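Student: I'd like to go through the ligand site and one of the sheets, and hear what backs up each label. Can we take a look?

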Amino acid sequence: MPSVKLKAINKSFGQRQVLQHIDMDVGDGEFVVVVGPSGCGKSTLLRIVAGLESPTSGELWFDDRLVTQVPAHARNIGMVFQNYALYPHMTVFDNLAFGMAARKTAPSEIKHRIDEVAQLLEIEPLLHIRPGALSGGQRQRVAVGRALVRSPFAFLMDEPLSNLDALLRERMRVELRRLHDRMRIPTLYVTHDQTEAMTMADRMVVMRNGRILQLGRPEELYHRPSTVFVAQFLGSPPMNLVSVKVLPDKRVALAGKDPQGIPIPARIREQIGGRNVVWLGFRPERVVPQTHGAVEGLDFTATVHTVETLGARYHVHGTWGESPITWVTTEREGLTGSIKMKLTVPWDRVHWFDAATEERMVSPDRESIPVQVGGTL
Ligand code: ADP
Ligand code: MG
């Protein structure tokens with residue numbers, strides 16, 4: 001049974017609808033990440049679950065309890081915000097104790113609980129220091145500790161790592177996920193960072209303009225994006241997209257000069273149906289050098305423009321016809337500006353989207369997708 005369930009949640013501020021028919025849940029012990037661009041409604045969604053905003057319509061359930069009308073303080077939620085909101089004039093211990101003291105918890109119980117949480121988060125040496133003297137990572141841990149001491153029913157986190165530098169963010173993301181794996185407190189985590197979402201989530205929800213575009217395991221969304229937006233939002237460098245004309249026989253052609261066109265498999269041609277123009281997409285890491293007939297796929301010749309060195313791999317930026325494309329390789333050899341390269345993308349790694357609706361066309365059951373490995377990390 002899901003722990004937190006949102007049913008047909010709508011939210012308007014005045015005339016402006018910022019959440020539209022949100023249906024989702026967080027399962028028992030699950031870590032669900034909501035990701036989307038700034039302004040798409042992520043914080044509003046989280047604030048509704050916390051009880052800091054009321055939905056205009058819809059229902060919110062915690063286990064079998066309808067909590068839509070329950071005030072925030074009675075929901076037993078642990079919340080972590082981007083700015084941590086620690087009290088600067090109080091020690092870490094007092095910051096952690098504040099909520100419990102306000103609820104008249106016995107001092108011995110408060111001390112016991114704080115010791116437990118401090119040990120778990122490895123912040124015991126910090127208990128008598130004020131937040132001003134802590135590093136960003138330490139403050140982050142204290143903020144998590146403060147949400148944790150109350151043994152919350154669920155955790156809500158709103159971009160908790162956004163104020164940290166890149167290196168610390170990567171470390172804290174592993175730390176938070178490990179903490180979750182030990183505590184198994186249902187968590188709803190909001191971020192605008194697709195890498196954070198992909199690496200931390202059991203399941204993720206991609207939002208845009210107040211709507212859920214797609215919901216599923218990170219691998220599912222990555223390998224089978226339902227729309228052009230999801231396809232380009234997840235993954236770095238983003239998925240290549242090339243607009244192609246559909247020719248009457250089993251071929252497609254690039255915009256501009258492409259008299260011969262490209263032959264495509266019959267099953268893909270069937271699913272394109274009567275459309276005249278479609279998007280063809282492929283991920284940079286699925287492009288391989290053409291070795292004759294080795295892989296059945298989309299064969300094309302690209303011109304190399306620039307090569308970015310990343311250490312373990314190279315990002316090659318070039319063009320296919322008039323379309324800019326990027327691909328990833330581990331071999332630098334022979335890659336110099338303006339050379340032409342013959343490349344292939346296996347057919348089951350090519351994505352097809354309707355040009356008007358930007359929705360995926362080729363049915364999922366024909367596409368390969370990695371099976372789920374184990375449960376969580
Ligand atoms: P996100 O967290 O994804 O960046 P928000 O949930 O903060 O997005 O905001 C979604 C939209 O709702 C934005 O356009 C924002 O301006 C608007 N909004 C948020 N809170 C309020 C409010 N209290 N009153 C009016 N508009 C708001
Ligand atoms: Mg926000």
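Tutor: Let's start with a term: a polar contact is a pair of N or O atoms within 3.5 Å; within protein, one must be able to donate a hydrogen and the other to accept it, and residues adjacent in sequence count only if both atoms are side-chain atoms. Keep in mind that this is a predicted model, where local features need pLDDT of at least 70, side-chain atom pairs count only at pLDDT 80 or more, and totals for chains, interfaces and linings use all residues. Residues are numbered from 1 along each chain as written, chains are lettered from A and ligands numbered from 1 in written order, and side-chain values use heavy atoms, with hydrogens and water left out.

Student: What makes Gly 39 a polar contact of ligand 1?

Tutor: A polar backbone atom of Gly 39 is 2.6 Å from an oxygen atom of ligand 1, so the pair falls within 3.5 Å and counts.

Student: Which element gives the most to the shell around ligand 1?

Tutor: That's H1, with 3 residues; a helix here is a DSSP run of H or I with at least four residues, a strand a run of E with at least two.

Student: How do you know that S15 and S19 pair?

Tutor: Pairing takes at least two DSSP bridges, and S15 and S19 (residues 340-346) have 2, in the antiparallel sense, so they qualify. Val 288 stands opposite Thr 344 in S19.

Student: Why is S15 called an edge strand?

Tutor: S15 (288-289) pairs on one side only, as does S18 (323-329); the open sheet runs S15-S19-S16-S17-S18.
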